[in-house]
Amino acid sequence: MNIYSLLLFTSFLIYLYLGFQMFRIRPMPRLSRIFCILCFAFAHWSFCITFLFPAPHKEAASFWMKCSSLGWSFIPALLLHFSLILSGWEQKFKHYILLPLLYLPGVLFIWREMTAYVTAKDFVLMSYGWTGVTPTDSPWVIGFTLYYLIFVLSSTVVLYKWRKKTESPREKKQAQIIIVAVLCSVILTFINETLLPLMGIHSIPRIPSFFILIWALGMWYAITKYRLMDLSHSFTGEIVLEELLEKLLKTILENSGAKRVVILLEEDGEMLIQGEVDTSIERCKVLHHIPLKESSALPCTLLKEAESTSHRLLIDDALKEEASTLDPYIQKHRPRSILLWPLLSRGELMGLLYLENNTTPYTFTPERVEILQRITSQVIVSLENATLFSSLQRSHDRLSHWNQRLEETVKERTTAIKILLDNAGQGFLSFGQNMLVDEEYSVECENLLGESIGRESFPALIYPHHREDRELLEEMLEEIFEEKEPMRQRVYMSLLPEEVLFDERSIQLEYRWIEGEGGERQDTMMVILTDITEKREMESLIEEEKSIFEMVVRVVSNFSDFNVTIEEYQDFCHDFMAELHCTRDPLEVLDTIYRQIHTFKGSFHQFGLSNMVHRLHMLETEIKEKRCSLEPLDLHHLEQLIPREEMLSWLDESLALLKNILGDFFSLQEKTIVIDEESLQKIEEHMMNTLDPAEIVLLLPKLKKLRWKPFCEALKTYPDYVKDLASQVEKCLYPLEIEGGDMKVDLAYYRKFTKTLGHVFRNAMDHGIERPEERRALGKDEKGRIECRLFQENGSLVVEISDDGRGISTEEMKGGGELSSAEHMSSQEILQKIFEEDYSTREDLSHLSGRGVGLSAVKEEVHRLGGKIHVDNRPGEGVTFMFSLPLEDHGVRPSISYDHHFLLFLKGAKRVLEEQAGLVMERPVQSRINITHRMRLFDLTTILPLKGMIRGRLLFTVERELCSYMLHHFALWDVEEEEQEDSYNDLLAELLNIIIGRSLKSHSEWGDLIITGIGEQLKASQASLKYGGEGMLTYIEKTHKGSLGFSFLPGTGDFFIREE
Amino acid sequence: MMRVLVADDSFVMRNNLKKIFEKNGFKIVGEASNGREVCLAYDRLLPDLVTMDINMPVMDGISALKKIRKKHPQARIIMISAEGQKSMLFQAIKAGAKHFLVKPITSTKTMEVVEEVLS
């Protein structure tokens, strides 16, 4: 045995190992089978040559040579076969052609070797052992060389072409390694077998089977390193779905020949595209979670089919298929090879693989399908695990996301609360048993109590200057913190100061006891500080105003009593000394004075002169103290005790106040008080603004009634009027007497009616009273008599006017008038006719009482006031007209000046429109209010009726463009284009309501007294409104987006819209 | 029925309280017009509840309270004071008064306090 034999034997063992190893790992695919056979062929060759060298004789050597032919004769064929399978070209040949073509030369050479020789004609014994002598002229040698050269080169070319064609970098690398390894070994063999003997060097034996080791190892390396076929263990470690999918897709792309691989996984009964890899894109995309039906980049019908059948589907060349039967995707993109691969786990479909090659038909060779089979069978378990893990992870992520959100929310809330506390206008602070304020107090505390209050003692902060109060507070707090019994603690808490004056500001204090939980959290007292200075100031101001008005009303409505009281008080102040001198007992005198002062106090209290009451009360207390002091009193002391000058000056102060409000007309010298209408109106208005509704209802009517006058005053001009009439018509008449009429009424309310009464008198004079001679003939008094009685009956005010004239002849009325159908009427009905317009019984129309017009005016007025007319006709003796009018206490409803309220309303409107509708109003509202009967309307108008304290209608009119702008800005609701028009009305009504609400809010005392109705919508572009009432208030404003207008129509008068 | 002793130097005040208590189903067992009287009355009557003005002649409310509490630690005494006598009220509570009322007293307020004391 020599070194060469040893080398070859080692090679033999290596080949054997490689072959078995490959067989063990991959027994199945043909590629590894070929490789195994190749390895065994190498092994056989090496093994035989190992024994060739040390053969004992020539025959033995020849035997081993012949034996080795079984190895070497097939090697090129196996290599070519391997290359063809690897590159996929094997598909192109029919098996029964390819296999003989490949292996026949090998068989031929074996036969030749067995029967004669191929390369070794003879054997010679060299220094290293036996070696064959190759004849140079034998055709078999040339054939054998050519066989080797052609097959090896073909393999190289096939591998090279495959390398060029393939897009997988792994396959390129593999091809490269195999080519290099094969070429290396072939060249070395060539040098060893041919070149060296030709050069005459015979010292080195021919050991091609050793050199071929490079070849075998190269292939082995390509297979193991670059996973030509071996895929075991590559997925098992992957638990993260994302990574697993990426790896799987890449592996499939590398091993299947597909240019595009898509994986779909089932999730909740739906196929989702979970990953895609494409040779055209560098990276693969995984975890898309795209539902299959939403994808247009896949042949959905095929996938659906595969999903439902769970069968794999292979299309070798889609171009050859009938176009019409194909999926739209395939029709469009024309991929060549398509493979659909269901992923089955225990018989259940868990996903689908879609493989596609858009250029090469027959990509998915059985070899590749086999690989795919192995890949998928391995990956299923990993995939299941990873899917499970992924869903777990998702839940975990969701949970932690929620958790994070929760934390964020808590944080937000905490901040929000702090902001809230800081801006509440209230200070919040807390302290424990040591009474030192905790550092966490709200900002407002500093505004209220000073710069920095952390770690300051709470009692010292609250009472910096009042030692007693401070000490008391300290003591109380000590008790509270010590006290264990809840009730006693509450009792102590209720003793804590509720309000302190700090730096001229009233601060309200509220306390909250926060029970500690033991351990770290101690008992804490929280204090809420509120600045109530303004509230207090307002309260006292309102109180003052209130008392002043109460005083005014009381004084005015009881003026004579008031006057008497004032006089008595003044007398008392001047003269009480006289009383002192009447009696000798000072105590008795003091008691008398005391009683008197007490009485005055009561009287002034009744009139609401709170100033006086207060002062007198102080004086009273002083006297009482003196009285009780039991010190000896003398008259001199008493004189000093009673400050008469001061007492008078107090009264002057109060009277000055009254004068200030009631004007100069207020005079104590007069027994009656005279206030002009204007100041009365002003007082009323002022009251409306300061008092609350309940008080208004109580006080206003009183004030109002001051303006009332006896009803007879409305008729006081008639006696003269009747006298004048009588002389004009030459009739004799006793003077008209007006009887009764002392009841006080609002004359203005009845004025129109009382004016029309002139017609009644005229009528009586004209038609009733006969001429003196006529009367004489009738045996009547020559002088006629017209009487007027005013009285109250069943809540009605009755005006009775009677004459003793001729009465009304109903016969004459029937005949003379146009009353042909009057026969069936009762006499009362007929009599009522004289109040009809155009009716007159007399043909000679006097200039005094023209026809019936006069009486019809009376009737109209009576009806307006809701009254009735009764005619008592006594033919020949006279007529009595009775007008009864309801005596309504209409004065209770305060009359308010509308422009004042309209102004307030407009101010509210301006704010609302600016804040909520985004308008820019140009001018201040005051200057723009007009009183008119006409108003130009814009495109859209809403009319809102108002009842209660303010009666009338509010009108809001805007240009369409502006309305559209406001609608978008206001954006209370989403408005569709087609609904926009309808929304305008809602918008205007809504805005009006908001505006009214706002204006009312700033004058809360009206709130209950105004009721808004339902808005009435008008769409009259470029129209104008004419108001039939006494005049409406209008306000027109130009804004940056168009014009708008508000108007107020007081009362219930009619209005007309006229399109222009 | 709860037995109440009313102590106040003002007749009007006593009457007022009497009315409030009687209307709410309490029995007035005694009246006192000064501190000394109330102490004596308590020993004799042993009422369930005492209302006591803080300002009384002869012996003021707090002294009377202390005296009663010394002998009868279980005594339930409600102090009545005018506005602005918080420090005196505080002393009274410290000395063992159960609760307090500030004038002007009303039926509702009185009953609230009484109920809290009796509960």
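Reader: Which residue of chain A forms a salt bridge with B:Glu116?
Author: In this predicted model, local features need pLDDT of at least 70, side-chain atom pairs count only at pLDDT 80 or more, and totals for chains, interfaces and linings use all residues. Residues are numbered from 1 along each chain as its sequence is written, chains are lettered from A in the order in which they are written, and side-chain values use heavy atoms, without hydrogens and water. A salt bridge is a side-chain nitrogen of Lys or Arg within 4 Å of a carboxyl oxygen of Asp or Glu. The closest N and O atoms here are 2.7 Å apart, and the partner of B:Glu116 is A:Arg490.

Reader: How many salt bridges does the rule find across the interface of chain B and chain A?
Author: The pair B:Glu116 and A:Arg490 forms a salt bridge. Across the interface of chain B and chain A, the number found is two.

Reader: What is the area buried between chain B and chain A?
Author: Buried area is the accessible area (1.4 Å probe) that two parts lose on being put together, summed over both. Carbon and sulfur atoms give 65% of the area, which is about 1,300 Å².

Reader: Which residues in chain B lose the most area to chain A?
Author: Together they account for 45% of what that side buries. They are B:Lys86, B:Phe90 and B:Glu116.

Reader: What order do the five strands of the open sheet in chain B have?
Author: Strands here are DSSP runs (E, at least two residues), numbered from the N terminus, and two strands pair if DSSP finds at least two bridges between them. Strand 2 and strand 5 of chain B each have a single partner strand, so they stand at the edges. With parallel pairing, the order is 2-1-3-4-5.

How values were computed. Helices (H or I, at least four residues) and strands (E, at least two) are DSSP runs, numbered from the N terminus.
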